[in-house]
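Hi,

Here is the structure I promised to pass on.

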Amino acid sequence: MASAENKSLRKLLDNEQRATTELAATNQRQHSILSSNRLSFLWRLCNNDTLQCSRCLPGWAEHDSRCFFLSSVPQKWEVARRACLDVGGDLAVVSNEADQAFLTNMTFQYVQQHPQEHFHSAWIGLQDMVKEGAHFWVNGVRLHSNVTYWRPQEPNNAIPSWDTDNAGQDCVTIVPPDQIETENWLNSWDDIICWGERHFLCETMALILV
Ligand SMILES: [Ca+2]
Ligand SMILES: [Ca+2]
């Protein structure tokens, strides 16, 4: 009888210890999140007094648990990328047709809302600076041939006469379509010279509190 009691006490103790270990691991995880660089970014989404948080920064649009921003100011590709990194994100990555539709629509809507502005196109996080024709996303993923949305005859790596370095076109933009939901409206990419100044599309993770 005593031995059966011992056994069940031992089991309880084991369970207790396991729970304690799991709790310590959870605390450790939470601590590393709280002390990470991302925290200062996350706090910008929350009101310090009420602790009410929004999922995206004001002026950003949510899609697929990510937040997207289209700049009103044009910049060179590298400067644009730095601006996105500075807010805890990067230039936008197109992983599938839904991403492409969302981002192309963002540029289309911008042009509709700012008819007086000259809007050529907006940088995304795609480039072939290292090796001509080898396009990589800013997240390190190589462009997949199943998920490409080039405009007709692009990418053409065009080298105009004023491009005295013969650098060619190594950074990719989305050119707003004249209309949306029409045939081929998703084929909006053009490669452009990276030091041209274009609007740009940033993305960050949305804040999802579980
Ligand atoms: Ca190129
Ligand atoms: Ca081109």
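Predicted model: local features only at pLDDT ≥ 70, side-chain atom pairs only at ≥ 80, totals over all residues.

The chain is split into two parts, domain 1 (2-35) and domain 2 (61-205). Their C-alpha centres are 50 Å apart.

The largest nonpolar core has 28 residues, and those touching the most other members are Leu91, Trp123, Ile124 and Leu201. At least two residues of this core come from each of strand S2 (66-70), helix H3 (77-86), strand S4 (122-127), strand S6 (171-174), strand S7 (189-192) and strand S8 (199-205). Nonpolar side chains tend to be buried together in soluble globular proteins.

Leaving aside residues up to four places away in sequence, Leu201 touches Phe68, Leu70, Leu91, Ala92, Leu103, Met106, Ala122, Trp123, Ile124 and Ile174.

Ile174 also stands opposite Trp189 in S7. S6 and S7 pair in the antiparallel sense, with four bridges. S7 is covered on both faces: Trp189 and Asp191 are buried on one side, and Asp190 and Ile192 are buried on the other.

Then there is helix H4 (residues 97-113). Its 17 residues should span 24 Å at 1.5 Å a residue, and this agrees with the model because the end C-alpha atoms are 24 Å apart. The buried residues in H4 are Asp99, Gln100, Leu103, Thr104, Asn105 and Thr107. Among the elements covering them are S2, S4, S6 and S8.

Technical notes: Residues numbered from 1 in each chain as written. Chains lettered and ligands numbered in written order. Core = buried A, V, L, I, M, F, W, Y, C linked by C-beta atoms within 7 Å. Buried ≥ 20, exposed ≤ 12 C-beta atoms within 10 Å, placed from the backbone. Contact = placed C-beta atoms within 7 Å. Pairing = 2+ DSSP bridges. Domains from an automatic or database assignment. Expected span 1.5 Å × (residues − 1).
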